Amino acid sequence: MDAKVEPQRQVMRLRGRSYVAFVFSPFMPIMNWLEEIDATLAHSPGFFAGRPIVLDLSAVELSSHGVAHLVSSLETRGIRVLGLEGIEAGGLDSKLPPVLSGGRGCVVEQVEPKKVEVQPPPPAAPSLLLRNPVRSGQRIVFTEGDVTVLGSVGSGAEIVAGGSIHVYGTLRGRAMAGINGNSDARIYCQKIEAELLAIDGYYQTAEDIGETLRRQPAQAWLDGDILRITPLN
Amino acid sequence: MAKVLVVTSGKGGVGKTTSTAALGAALAQRGEKVVVVDFDVGLRNLDLIMGAERRVVFDLINVAQGVAKLSQALIRDKRLESLWLLPASQTRDKDALTDEGVRDIIADLRTKFDWIICDSPAGIERGATLAMRYADEAVVVTNPEVSSVRDADRIIGMLDSKTVKAEKGEQLKKHVLITRYDTSRAARGEMLNIDDILEILAVPLLGIIPESQDVLKASNVGSPVTLNNASSMPARAYIDAARRLSGETVDMVVPTEQRRGFMNRLLGRRAA
């Protein structure tokens, strides 16, 4: 399949299409007219954004320089001018939009500016609530989010959470928070007598927990790669 | 309505069998019809404590396997009319027990007794889980020291997850019975105190049984301590516990060391 394909000569096809554009008809003094535009913009910002705008200059007499100034002052307001109307093409700067003619009036549908879609807030991180004490030998694994225990966590029990761990009783067992690499996870407890605390893999055993903290309300958090255990309140 | 009560602990040697016999006898003395069931297949002891070891013919396994009828295996206590024993087999092991077998026996016992008290073996394996399987209430026996308290915590977790009642989403009523509470050692701070135990276990207290020679003496003569010497400290504590089990409100007495005052010592005995 290596037959050569002769490049075919493309014939340029021209197509006509008509669009509806907003027509601005500035009046003198220009400053007043611009203030009106500003008022409209203040009312509904972004109303003209992305819409074709044609400037009808038949009511004003402006020099080529004046037209350029008007077009640029509209541009600073986020209004891009598609074309000019009601002015002689001769003598205008070539950088200005082209002069149009033969425009016909039509009813412009009042289209409400598209409301910026309010993104629904991302679903709150799921959490697991345990109303009963976690007994010795029980293992609670909840990788999706936080774990809250209303009672105590017994010696020999284990809580594993993807998020933070909150214990409103005494934490006597093991608590491992942020196991999916969440280093912002913390462990909070009303009374710390934990056998082991871990956040994102960094751990401390009961031996390492300061004696002054024992039986006190405390939290554990990661400071870089150091697991800190500090008193609450 | 019959109540199935399991006496359990996790740890061995804390006093499950002693407590089963003592509570069973105390409830029977109150006129309730009681059966104590030994689930410690292969290491049975309840028959000895109850003083019925020479009358065992058929046992729990025989009934579970349909070799004997329940009425053939039940042994009536010689001292109390309304107290019965269903002994365990000493020659078999715990694998001989099946869930269906236990279910049928418990269902059968429910029709005949007010209280079915199951003496659980130590551990958390088959024997212990089957003993608690069909229970309505549980007495968790613990000594005032850390290892038995932690094991008790473990057992409470299993009571809340592995029993039929828990699986149906119902709450199984649990009680803590603290045994071998040594008043003098507690005073010296050598044991866990009651509040610490209750704080760890978060289960209501059924009673505090003091460490006493009376318990050993009663075991040796094959009698529940509540029958052997009903006025002894441990017997009184068990009788109070039994009253609480049947719904009475009884003030909790923390055993304290009985120091006899000087005058009491001098005039302790009155000459005839």
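Okay, let's start with chain A, where six strands make an open sheet in the order β4-β6-β8-β10-β13-β14, with mixed pairing. Strands here are DSSP runs of E, at least two residues, numbered from the N terminus, and two of them pair if DSSP finds at least two bridges between them. β4 (127-130) and β14 (226-231) of chain A sit at the edges with a single partner strand each, so one side of each has no neighbour in the sheet.

Before I go on: this is a predicted model, with local features needing pLDDT of at least 70 and side-chain atom pairs pLDDT 80 or more, while totals for chains, interfaces and linings use all residues. Residues count from 1 along each chain as its sequence is written, chains are lettered from A in the order written, and side-chain values use heavy atoms, without hydrogens and water.

Now, the interface. 11 residues of chain B touch 14 residues of chain A, contact being heavy atoms within 4.5 Å. About 930 Å² is buried between the two chains, and carbon and sulfur atoms give 36% of that; buried area is accessible area (1.4 Å probe) lost on putting the parts together, summed over both.

And what about salt bridges, how many cross between chain B and chain A? The rule finds 4, taking a Lys or Arg side-chain nitrogen within 4 Å of an Asp or Glu carboxyl oxygen. One salt bridge joins A:Arg172 and B:Glu199, with the closest N and O atoms 3.0 Å apart.

Notes:
Helix = DSSP H or I, 4+ residues; strand = E, 2+ residues; numbered from the N terminus.
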